[in-house]
Amino acid sequence: MTFSIVARSADGESWGVAVASKFLAVGSAVPAAVAGVGAVATQADANVAYKGLALSHLDEGATAPIALQRLIEEDDGRDHRQVGIVDIDGGAASHTGTECIPWAGGRIGDGYAVQGNCLTGEEVVEAMEAAWLAGDTDAPLQDRLVAALSAGDAAGGDRRGRQSAAILVVRDGAGYGGLDDVAVDLRVDDHEVPIDELKRLLDLHELYLTASTEDEKVTVDDALRAELEEFAAAGGHRDFHAWVGTENYEMRVAADLGWIDRRVLAIVRGEDR
């Protein structure tokens with residue numbers, strides 16, 4: 001009833017999971033990851049205990065295949081489970097129980113595990129694997145994961161339809177303020193086109209939480225400042241700073257310094273970013 005990809009970045013510094021399903025809030029059940037340890041997706045008749053157990057096995061030094069073997073040996077419901085694991089070194093393992101709803105299966109390779117059940121066919125995991133392998137290895141892991149997820153959806157995805165999607169990526173010190181390792185944690189719990197919505201949220205995540213490059217900076221002259229203030233007022237805000245909000249640090253500082261990210265300006269003008 002779900003398709004997912006678990007992977008490690010080519011530089012060996014990030015681990016993550018992307019998942020989609022015709023299931024409410026799939027992100028609450030399937031993905032788990034710890035920086036410097038690995039990542040896991042548990043699905044089908046998901047055993048959510050697999051998340052903590054798998055990461056504990058990996059943290060103790062088990063490889064992905066060994067961690068997987070321990071999980072299914074200890075679980076009487078193994079025939080109904082599906083799980084993918086990637087370890088600290090990029091080793092991968094995937095299990096599809098014999099009682100999972102067809103089509104069900106997976107693919108593994110260096111640094112990735114792709115799996116799905118209740119799919120339109122094998123072409124879903126084939127498309128996901130192909131998109132992963134064709135991706136730019138220098139691109140952020142979250143972009144590669146979502147591209148693979150989108151390819152699986154385009155190939156047919158969950159044969160029941162669409163409802164939710166999620167992405168989780170971890171990297172040492174990548175969290176808010178550098179105080180944890182969660183680089184990206186986004187969920188679309190109930191949406192007609194959840195992967196498209198996930199892409200939109202990922203764009204906003206990058207905009208709000210990453211520094212602007214010099215090419216992305218547009219000088220705010222008097223005319224542009226008036227345009228920004230008019231935009232904010234039309235939306236019922238006190239001023240442009242109020243529209244930005246105190247937590248959107250990148251955009252707030254930009255206004256103070258006399259420039260604005262061109263992606264923010266595109267939002268203001270209703271243009272494609």
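Q: Which way do H3 and H4 cross, left-handed or right-handed?
A: The crossing of H3 and H4 is right-handed. A crossing counts as right-handed if the near helix is turned clockwise from the far one by less than a right angle, and as left-handed if anticlockwise. Helices here are DSSP runs of H or I with at least four residues, strands are runs of E with at least two, and both are numbered from the N terminus.

Q: Before going on, what kind of model is this?
A: This is a predicted model, in which local features need pLDDT of at least 70 and side-chain atom pairs count only at pLDDT 80 or more, while totals for chains, interfaces and linings use all residues. Residues are numbered from 1 along each chain as its sequence is written, and side-chain values use heavy atoms, with hydrogens and water left out.

Q: Back to the pair, then. At what angle do the axes of H3 and H4 cross?
A: The axes of H3 (residues 123–134) and H4 (residues 141–154) cross at roughly 150° and come within 7 Å. The axes are lines fitted to C-alpha atoms, for helices over the stretch in contact, with angles from 0 to 180 degrees between N-to-C directions. H3 is therefore roughly antiparallel to H4, a label for angles over 145 degrees; under 35 counts as roughly parallel, 65 to 115 as roughly perpendicular and the rest as oblique.

Q: Which residues meet there?
A: From H3, Val124, Ala127, Met128, Ala131, Trp132 and Leu133 meet Leu141, Arg144, Leu145, Ala147, Ala148, Leu149, Ala151 and Gly152 of H4. Contact means heavy atoms within 4.5 Å. Twelve of the residues in this contact are nonpolar, one is polar and one is charged. In that scheme Ala, Val, Leu, Ile, Met, Phe, Trp, Tyr, Cys and Pro are nonpolar, Asp, Glu, Lys and Arg are charged, and the others, Gly among them, are polar.

Q: What about the phi of alanine 25 and of cysteine 118?
A: Alanine 25 has a positive phi of about 55° although it is not a glycine, and cysteine 118 likewise has a positive phi of about 55°. Alanine 25 belongs to the loop between strand S2 (14–21) and strand S3 (31–34), whereas cysteine 118 is in the loop between strand S8 (112–117) and H3.

Q: Is cysteine 118 buried or exposed?
A: Cysteine 118 is buried, with a relative accessible area of 4%; alanine 25 is buried too, at 14%. Buried means under 20% relative accessible area, exposed over 50% and partly exposed in between (1.4 Å probe, protein chains only).

Q: Changing topic: where is alanine 33, and what does it touch?
A: Alanine 33 is in strand S3 and counts as buried at 15% relative accessibility. Beyond its neighbours within four places in sequence, alanine 33 contacts Trp15, Gly38, Ala39, Leu55, Leu168 and Val170.

Q: And where is histidine 205?
A: Histidine 205 is in helix H5 (residues 194–209) and is buried, with a relative accessible area of 17%.

Q: Finally, how many helices and strands does the protein have?
A: The protein has nine helices and twelve strands. Of its 273 residues, 49% count as buried.
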